[in-house]
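Try each task before you read its solution.

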Amino acid sequence: MKDPQIGKAVPRKEGREKVTGSARYVDDLTFPGMIHGVTVRSSIARGRILGIQFGEGIPWDEFTIVTAKDIPGKNCVALLIEDQPCLADQFVNHPEEAVVLLAHADKYLLEEARRAVRIETQPLPPVFTIEDSLARKQVIWVEDNIFKAYQVEKGNVDTAWEAAEFIVEGEYETGAQEQLYIEPQGMIAQAGPGSRVTVWGSLQCPYYVHKALVRLFDLPKEQVRVVQTETGGGFGGKEEYPSMIAGHAALLAWKSGKPVKIVYDRAEDMAATTKRHPSRTRHRTGISRDGKLVAMEIDFTLDGGAYETLSPVVLSRGTIHAAGPYSCPNVRIRSRVVATNAPPHGAFRGFGAPQSVFALERHLDRVAAAVGLTPEELRRRNFIHEGETLAVSQVVREKVQMDKLLDRALELSGYHEKRKRFATENARGPIKLGIGFASFLHGAGFTGSGEEYLASEALVTATREGKVHVLAGSTEMGQGTNTIFAQIAADALGLDCQQIEILQPDTALVPNSGPTVASRTTMIVGKLVESAALSIRKTLQDAGLLKAEYGSKEFQDACCRYIEKFGALQSLVKYQHPQDLHWDDGTYQGDAYGAYAWAVYVAEVSVDTRTAEARVEDFVAVQEVGKVIHPVLAAGQIEGGVAQGIGFALYENIVWQEGRMANGQMTNYIMPTSMDVPNIRVYFEEIPYARGPAGAKGIGELPLDGTAPAIANAIAHATGADVRAVPMTPEKLMELLESVHA
Amino acid sequence: MPEALRRIRVQCVINGKGVSLEAYPMARLLDVLREEAGLTGTKEGCGEGECGACSIEMDGVLVNSCLVPVLQAEGAVIRTIEGMAGAGQLSAVQQAFLAHGGAQCGICTPGMILAAVNLLSRNAQPTESEIREGLSGNLCRCTGYTKIFESVMEACRLLEVGK
């Protein structure tokens with residue numbers, strides 16, 4: 001038997017292709033006769049389309065031109081509901097809405113043609129802010145501008161205030177954030193009336209794209225095929241928007257009869273695709289004399305942009321995470337996501353939780369100060385323990401050790417010593433140092449009954465030569481799906497990772513394993529892969545072809561003999577929802593997630609009070625994520641997530657003008673460089689999770705939740721500034737510093 | 001036909017081989033490499049010289065190929081990611097990126113490896129802060145850079161041992 005592959009830093013499956021430049025991303029592919037496509041967008045945020053003018057000097061007869069009337073099926077990007085059109089028809093609801101598609105063989109002429117198209121519109125008054133949308137300044141969505149609202153009730157908040165010695169209130173905001181995967185979005189489509197529609201592209205969720213194309217073309221499922229090409233980062237940004245681009249490329253291919261490639265340049269990608277939802281959170285918190293939380297009232301609002309898209313689900317996760325890893329007997333969370341005339345906001349790593357966790361963790365530092373406790377002592381007195389209930393009344397059945405994580409994080413970061421030292425050092429000089437932390441949790445997998453509804457599948461097959469193939473709809477986008485699945489299958493079969501091959505996600509071949517989102521791939525789909533691989537082993541052993549102990553040669557012989565005797569050797573496993581997990585969508589109560597990752601992050605910052613620039617000088621990330629399958633990939637997930645969190649906290653500011661991103665370039669939308677990120681020190685506690693593959697839980701989104709509040713708390717510690725919003729750019733921090741000194 | 005719209009021939013050396021490329025004079029070297037020379041390992045991330053995904057070496061200097069008009073490549077000696085591995089053998093920097101998690105999604109990797117190789121050609125034993133500075137023109141959204149620094153340090157060790 002092979003040594004265990006899980007827990008080892010085996011080489012990344014597709015790593016060799018990536019370091020040699022031979023990995024093929026969508027823009028690296030060319031098809032015979034392929035032409036290029038571009039998108040002509042709305043020029044206003046809201047209005048009526050009166051007409052489309054095609055300017056002079058362009059040989060329009062050489063172009064393929066597509067508008068809404070060319071759509072064979074329903075004009076929508078099918079997702080939760082079918083409200084978002086694939087191409088705007090009659091009305092536009094945000095300034096980047098696609099109206100006309102053009103295709104031509106010459107990219108340069110195509111760009112000139114795009115500029116020569118004019119969409120004539122009659123503007124209608126738009127809405128751009130959460131406040132204006134809630135005030136129904138204009139009603140742009142149904143009756144009240146609200147896509148979705150939730151209410152969570154635990155205990156009785158209304159009567160609990162009496163028991164509170166202190167009541168602390170606060171309002172917090174987070175801005176939109178661009179995923180900024182370095183590979184812009186793109187698709188190639190091949191289609192034509194009477195034939196099937198096939199797309200190849202950069203995407204996270206092949207079956208989401210598949211669903212959207214089936215609806216757009218009104219085709220039977222088997223006539224639509226979606227293939228994922230090597231994907232250069234996603235972070236949620238390639239969860240839903242690829243369905244839009246795939247639709248556009250396919251419509252042009254359908255009409256022209258030629259393969260069509262659409263690859264966005266950076267400016268178009270930043271302007272048009274989804275971003276993290278901006279948020280506003282209000283807290284009212286009651287604390288007893290001994291520092292216990294007695295009541296939490298949380299009001300959480302997201303800006304959804306112009307169409308519903310995934311906003312209800314983002315809101316749901318943000319709502320459930322809003323009360324954090326604490327035990328409080330009385331909790332009320334009211335939340336809603338509102339419509340504005342900006343491009344729809346969407347999935348971004350953390351999916352609503354970074355917004356509500358920022359508010360809570362920043363608020364608790366303010367609560368601690370008001371009560372006269374240290375930030376760590378306040379948390380310690382309120383951390384949740386095994387057997388206690390979260391805000392949604394989920395009883396925590398896992399072993400939870402928030403105290404231990406906190407101790408370890410504070411010790412590794414030298415927190416206490418630094419708190420003392422900075423107090424004296426900050427008295428002199430313009431550079432102020434600070435250290436702060438955040439404690440938090442992140443639920444892995446789809447919320448509530450989501451996994452039951454997805455009913456994901458994974459398939460493992462073995463060949464006559466003893467090669468094992470994993471077929472899943474889960475995508476590799478850098479996070480390590482291929483390698484993790486190979487390790488899991490290898491250990492289940494007692495083989496080496498090299499004997500496992502992960503097939504490219506292609507809806508014509510792989511089953512629907514659900515979307516590659518929600519920190520669910522390792523924990524949920526990985527478990528299916530493990531079960532399927534174990535069942536292959538059992539099949540061979542039950543057939544008497546394989547002994548309890550075997551080597552790869554014996555495995556190969558057994559596969560060969562089995563296939564000769566019985567035919568195909570394969571196992572398809574479907575997700576079975578654990579019987580003891582219950583969720584009620586009506587009351588929003590129950591087991592919101594099968595498992596949580598738990599963490600405490602500590603940030604050390606320096607603030608130059610002359611320029612109001614904050615820098616992260618040190619970062620310690622301590623988390624419990626179940627069994628760590630691959631130590632290098634897992635640490636890489638945390639480090640990368642923390643870097644994105646640093647961007648969210650300090651640099652990544654979207655400037656909005658009339659619903660449009662005004663700084664859609666890497667030159668003026670600033671993500672962290674190698675000079676802006678400290679050494680990120682990552683530590684894992686491993687408590688195996690009984691239902692995860694080899695005990696693993698989800699990990700990918702976790703680091704986005706706690707990074708920004710830890711940094712904000714550190715800035716507050718360094719300067720005394722009452723930080724209430726991120727990104728805390730120098731401009732905003734300077735205002736706060738001035739008010740501290742005023 | 002105006003001069004700018006006439007395609008020209010550019011002679012240069014790419015990865016040790018003399019080549020003749022036909023392109024518009026102001027075409028971006030990035031596009032010419034990818035579309036005319038078929039070297040798709042060089043990536044476009046931003047098209048404005050910010051992200052470094054299109055980094056290549058030109059006469060020993062690290063450049064963003066999206067900012068170089070092809071006519072400037074006349075007579076140049078160019079190195080791209082495709083020229084890094086010799087005869088199926090990964091270079092030290094490539095081996096280190098593979099072993100230490102320096103590549104995740106892989107889209108910044110070719111440019112990052114070129115930047116690392118260029119840095120090590122100028123400074124065989126860089127300090128951590130020199131590595132940070134040397135790679136600061138190359139953006140990575142996946143790794144948080146920590147594993148990239150580790151990869152470059154490991155490459156230094158491999159190169160030292162290999163001497």
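Two strands count as paired if DSSP finds at least two bridges between them. Keep that in mind as you go, and remember that this is a predicted model.

**Exercise 1. Decide whether strand E9 of chain A is enclosed or open to the outside.**

Step 1. Apply the cut-off: a residue is buried if 20 or more other C-beta atoms lie within 10 Å of its own.

Step 2. Count along the strand. In E9 (residues 186–190) of chain A, 5 of the 5 residues are buried, so the strand is largely enclosed by the rest of the structure.

Step 3. Check each face. Gly186(A), Ile188(A) and Gln190(A) are buried on one side, and Met187(A) and Ala189(A) are buried on the other.

Step 4. Look for its partners. E9(A) pairs with E12 (residues 260–263) of chain A in the antiparallel sense over 4 bridges, and Met187(A) stands opposite Ile262(A) there. E9(A) is also joined by 4 bridges to E10 (residues 197–201) of chain A, again antiparallel, where Ile188(A) faces Trp200(A).

Step 5. Gly450(A) has 19 other C-beta atoms within 10 Å, so it is partly exposed.

**Exercise 2. Locate the largest nonpolar core and the residues with the most contacts inside it.**

Step 1. The largest nonpolar core holds 293 residues, and those with the most contacts inside it include Val199(A), Ala249(A) and Ile715(A). Helix H17 (residues 631–651) of chain A supplies the largest share, 12 residues.

Step 2. Recall the background: in soluble globular proteins, nonpolar side chains tend to be buried together.

Step 3. Zoom in on Ile715(A). Beyond its neighbours within four places in sequence, its contacts include Gly434(A), Val605(A), Ala614(A) and Met728(A).

**Exercise 3. Describe chain B and the side of it that touches chain A.**

Step 1. Chain B has 5 helices and 5 strands, which run β-β-α-β-β-β-α-α-α-α from the N terminus.

Step 2. Judge its packing. The radius of gyration of chain B is 16 Å, close to the 15 Å that the globule rule gives for 163 residues, so chain B is as compact as a globular protein of that length. Buried residues make up 56% of chain B.

Step 3. Turn to the interface: 40 residues of chain B contact 42 residues of chain A. On the chain B side, the elements giving two or more residues are H2 (92–99), H3 (109–122), H4 (128–134) and H5 (146–162).

Step 4. Sort that side by residue class: 19 are nonpolar, 14 polar and 7 charged.

Notes: Residues are numbered from 1 along each chain as its sequence is written. Chains are lettered from A and ligands numbered from 1 in the order in which they are written. This is a predicted model: local features need pLDDT of at least 70, side-chain atom pairs count only at pLDDT 80 or more; totals for chains, interfaces and linings use all residues. A nonpolar core is a set of buried Ala, Val, Leu, Ile, Met, Phe, Trp, Tyr and Cys residues joined through C-beta atoms within 7 Å. A residue is buried if 20 or more other C-beta atoms lie within 10 Å of its own, exposed if 12 or fewer, and partly exposed in between; C-beta atoms are placed from the backbone. Two residues are in contact if their C-beta atoms, placed from the backbone, lie within 7 Å. Ala, Val, Leu, Ile, Met, Phe, Trp, Tyr, Cys and Pro count as nonpolar, Asp, Glu, Lys and Arg as charged, and the others, Gly among them, as polar. The radius of gyration is taken over C-alpha atoms; the globule rule is 2.2 Å times the number of residues to the power 0.38.
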